[in-house]
Amino acid sequence: MWSLSDITNSIQNALNRAFNPTFATLTEMVIVGICVIGLFAVLGLILVIMERKVSAYMQVRLGPNRVGPKGMLQSLADTLKLLLKEGLTPDGADKFLFNLAPVIAMIAAMLLLAPIAFAKNFQIWDINIGVLFISAVSSISVISILMAGWASNNKYSLLGAMRSGAQIVSYELSAGLSVLSVVILVGSLKLSDIVQSQENGWWIFKGHIPMIISFVIFLVAVTAETNRAPFDLAEAESELTAGFHTEYSGMKFALFFLAEYVNVFIVCGVGATLFLGGWMPLHIGNWHGFNHVMDFIPSSIWFFGKTFFLIFVIMWFRWTFPRLRIDQLLNLEWKYLLPISMFNILLVTLMAIMGWHF
Amino acid sequence: MSNEELKSELVALHPSLVFEEGGEWLNMVIEPSELIPFAEKIRSADHLFFDYLFCLTCVDWKTHLTMVYHFSSTKYRHTIVLKSKLDRNNPEIETLCRIWKTAEFHEREVFELFGVKFLHHPDLRNLILPDVWNGFPLRKDYEDAVNMIKL
Amino acid sequence: MIEELATTQEGDLVINVGPQHPSTHGVLHLVITMNGETIKKVEPHLGYIHRSIEKMCESLSFRQFIYVTSRMDYLSSHINNHGCALCVEKGLQIEVPARAQVIRVLMDELTRIASHVLWWGALAMDVGALTPFFHAFREREAINDIMEETCGARLTMNYMAPGGVMFDIHPNFQKRVHAFIELFKSKIDEYDELVTDNVIFKARMQGIGMLSYEDAISYGCSGPTARGSGVKCDIRKLYPYEIYNKLQFEEIIETGCDSYARYLVRMKEMRQSLSIIEQLIDNIPEGEFLAKTKAVLKLPKGEFYSKVETARGEFGVYIVSEGGTTPYRIKFRSPGFSNLSALDHMARGQKIGDLVAMMGSLDLVIPDIDR
Amino acid sequence: MFLKDYIKDVFGAVKSLLIGMRRTGYYFTHHKEIITQQYPDNRDTLVLPERFRGEVVMPHDEKNEHRCTGCTACELACPNGTIKVITKFDITPEGKKKKAIDKLVYHLELCTMCNLCIEACPSDAIKMAQNFEHSVFDRSQLTKVLNKPGSKIMDGVE
């Protein structure tokens, strides 16, 4: 069957036949780099239009409907506008850091794409500490936010950045703990192993209630980590105008914007991989006919379908809930999410030891 | 309490009050120097209890300025109007902010629009107009060639 | 605690919120002194849209000045006009026909609902939920359409005239108001689902922006702001004008003294206004809608004060007349100005996010404050 | 006891959030509720109520006659000085001088659509039109002369 892994294999074979192995690897790297950047741009465009349409329908409006069919090219037009806009640097800003911050936000988001399994046998880098890599690299994004807030020479930006620092550092904990519950059950940090372990059922179904709890906690924590409403305190439009990117304009602003959406995609992809089986099709026990039909759907569609479902849920949060206050945000983490996820991890460990899961 | 009863109560409190005829409420005029003791009395007296200062303004009568205070009581629902005549060239009166906190903003407004100086006001600066502004816009003789449009 | 907070120290952050800021709903300028995220002092700087309406009115006739007041509190412009018309009628001792009184009250209550609905959306937006804002505009639009059909305009209705209303109601009016009542009854429950019961919203509003009973009176607060602190101050009940004393409705009093209490007062007031409309809509008496008045109105020499309950509180009109065709001095006692003066007191010691929620719960309309 | 309250808190919170999400989810799936009006596209079908106040106009009949006598009642009624009536003297067939309007100048940029001029007009010469698209590139275009060139007063209007 025609699949993404076949394409990669044939490209690799062709390159290896044509060039020596070192050069082939280098060429592959360049191709992957271009693909990642392309994926970035496409994801940005799709997610922005998706967000605008989702918000529009929830707010009983039509949303963008002028550019392209049903307004689907609106985000392309917006990107063009942002590209043509003048990127202002405020007087008194630390120019070096000010220009560096959006680039760092982008790089952090790009690095995260490496270990994610998009389809069967289709992964840029199947690193054996994949989960650890993701949680480590995703915390780099806070540096870019702090940098942007500090370098802007604006009090609103500074406040936003400081809020974001406190927020990401604390929510990293419960996100990490809920990821850990999957790792305990699988016994491996490698993402391909985690996906493989869900062949006969996704962890959210296999793992009883503790896994559902850790899934919910994961969802809440990553919403906070990506600075999305109701945890968008770093931006807090009605309080801090635009938070850390108040002073950014043009393409530098677009990079922040893009990085936010790619981050959302990545955390949802990770969530889909850990709890919803990644590219694994939906299999139910001994229903062989049903399982067989499900196998016909390509693995990449399974992965993207699950990821976009999670992205939709996060957007649903954003367009329904009011924003928390900074102290309530920290209360939620330290008084609710952290104790619950710690208790939960005990349950999961017990479950893993006793082999109670399916 | 009817206006007549109120009148007798107020006279008992402060014999030198001058009452004016007309209006649905009791109108009275007081000397600026006697304002604070009188205000304290009507605010604290249990049977009067004027705790709500709902309107504070000034009227320019070309010869003098008149401060107009509207008091009412949230307990007894009676209302009085207190007036005080000020010298137009050097209008000064004691502030009421210590007794009714709402007076702070209203007095700042009157200060910039009429030029009345409120003695012992905690923060007597321009609230609405820019800090450097000449003249008092709501006075009758105010002329502004730039900002006033004559039709 | 308050005294300690009042002193500015080194390391305090001074922030200008406004005049262009997403949550000041207009051009309010607040200079905030903060220690970290904690507010030490809030200092309003007003006047960005001060047009000196009081001075303007001194050169307008008693018929004309009513329409200028639409531009003050634009969300309850009809009620502002009502206050002015009442004051002129008081001076001229005009008897308003029964039909006009009912129409006036109906329009007042529709305006109140429209204003509160917009406030609800804006408050939800202030605390970060953007969806309610659009839902609020949907219902407001229905009211605006009714207004447009009968009064000829959507925002600054100019429907009031001394002695009654300018024209009779539109033939469709009753039908459309009935439709609106049905629509709004279902939608107001959605408001509760979406915002009122939401745990995040409650956490943002409860215990925030405390304004005690004594302070509410001392700061001259009125309307829902004061009623959220337990002060009985509904002009419609205490000093009934038009036909309010014949109507069945409750004065909503909440004793929570916080932002959430003020929120609840307004939410319940919408239901009360709806019930007033329901009582009146089928009982509009026949007759004249405008009393006969002279072409040129001359108020007798004297002072006249009338007050009405707008969506924001007590709106007073104080006219000093010298017996001419124009007022000698006119003073508008706007509810927003007094309510704003309590903001500093409420905000001290709170977070900056709370300040935004507090301003939302005060329901500030800047032209009303600046006049 | 503390634990019970804690769990109750968590469940109550989650429930209230889910109720809110159900509401937005309902609107997400029910596109019939959308009330957006596509304004420039629906111009042809857009109907404004006949009382809508857009601008002051002076109706003329097919003989290019209007009803304005030039009494300046509208000018006096206007709070903003929006209307200026410029009069001239016509010579009637009998040789008498008769006051008539030369121009009725209307400053749309000053108008607040308060309807006072229409109420004041004794001969119903002016009325409110429903046009609301007043944007122009030059402010001077907002100053309009309401009577058409060469127009006369209708017979029988005094």
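Analyst: **One residue and its surroundings**

C:Glu54 lies in helix α2 (residues 53–57) of chain C; helices are DSSP runs of H or I with at least four residues, strands are runs of E with at least two, and both are numbered from the N terminus. The model is predicted, so local features are given only at pLDDT of at least 70 and side-chain atom pairs only at pLDDT 80 or more, while totals for chains, interfaces and linings use all residues. Residues are numbered from 1 along each chain as its sequence is written, and chains are lettered from A and ligands numbered from 1 in the order in which they are written.

Is C:Glu54 buried or exposed? It has 20 C-beta neighbours inside 10 Å and therefore counts as buried. The rule calls a residue buried if 20 or more other C-beta atoms lie within 10 Å of its own, exposed if there are 12 or fewer, and partly exposed in between, with C-beta atoms placed from the backbone.

Leaving aside residues up to four places away in sequence, C:Glu54 touches C:Ile330, C:Lys331, C:Phe332 and C:Arg371, as well as B:Leu138 of another chain. Two residues are in contact if their C-beta atoms, placed from the backbone, lie within 7 Å. C:Phe65 is eleven residues away from C:Glu54 along the chain, and the C-alpha atoms of the two are separated by 9.5 Å.

**Helix pairs in chain C**

Elsewhere in chain C, helices α6 and α7 (residues 173–196) pack at an angle of about 165°, with their axes 11 Å apart. Axes are lines fitted to C-alpha atoms, for helices over the stretch in contact, and angles run from 0 to 180 degrees between N-to-C directions. Helices α6(C) and α7(C) are therefore roughly antiparallel: angles over 145 degrees count as roughly antiparallel, under 35 as roughly parallel, 65 to 115 as roughly perpendicular and the rest as oblique. The crossing of α6(C) and α7(C) is left-handed, a term used if the near helix is turned anticlockwise from the far one by less than a right angle, with clockwise being right-handed. The residues that make this contact include C:Ile143 and C:Ile146 of α6(C) and C:Phe180 and C:Leu183 of α7(C). Eleven nonpolar, one polar and four charged residues take part in the contact of α6(C) with α7(C). Here Ala, Val, Leu, Ile, Met, Phe, Trp, Tyr, Cys and Pro count as nonpolar, Asp, Glu, Lys and Arg as charged, and the others, Gly among them, as polar.

In a second pair, the axes of helix α12 (residues 259–281) and helix α15 (residues 352–362) of chain C come within 9 Å and cross at roughly 30°. This makes α12(C) roughly parallel to α15(C), and their crossing is left-handed. C:Ser259, C:Arg262 and C:Tyr263 of α12(C) meet C:Ala357, C:Met358 and C:Ser361 of α15(C). By class, three residues of this contact are nonpolar, two polar and one charged.

**How the chains meet**

Of the five pairs of chains in contact, chains A and C share the most contacts. This contact takes 27 residues from chain C and 22 residues from chain A. On the side of chain C, the elements that give two or more residues are β1 (13–17), α5 (98–126), α6 (131–151), α8 (199–205) and α15. That side has 14 nonpolar, seven polar and six charged residues.

Chains A and B, by contrast, do not touch, and their nearest C-alpha atoms are 24 Å apart.

**Chain B, which C:Glu54 touches**

Chain B, to which B:Leu138 belongs, has three helices and seven strands. Along the sequence these follow the pattern α-β-β-α-β-β-β-β-α-β. The radius of gyration of chain B is 16 Å, close to the 15 Å that the globule rule gives for 151 residues, so chain B is as compact as a globular protein of that length. This radius is taken over C-alpha atoms, and the globule rule is 2.2 Å times the number of residues to the power 0.38. Taken along the principal axes, the C-alpha atoms of chain B fill a box of roughly 50 × 30 × 25 Å. Buried residues account for 38% of the 151 residues of chain B.
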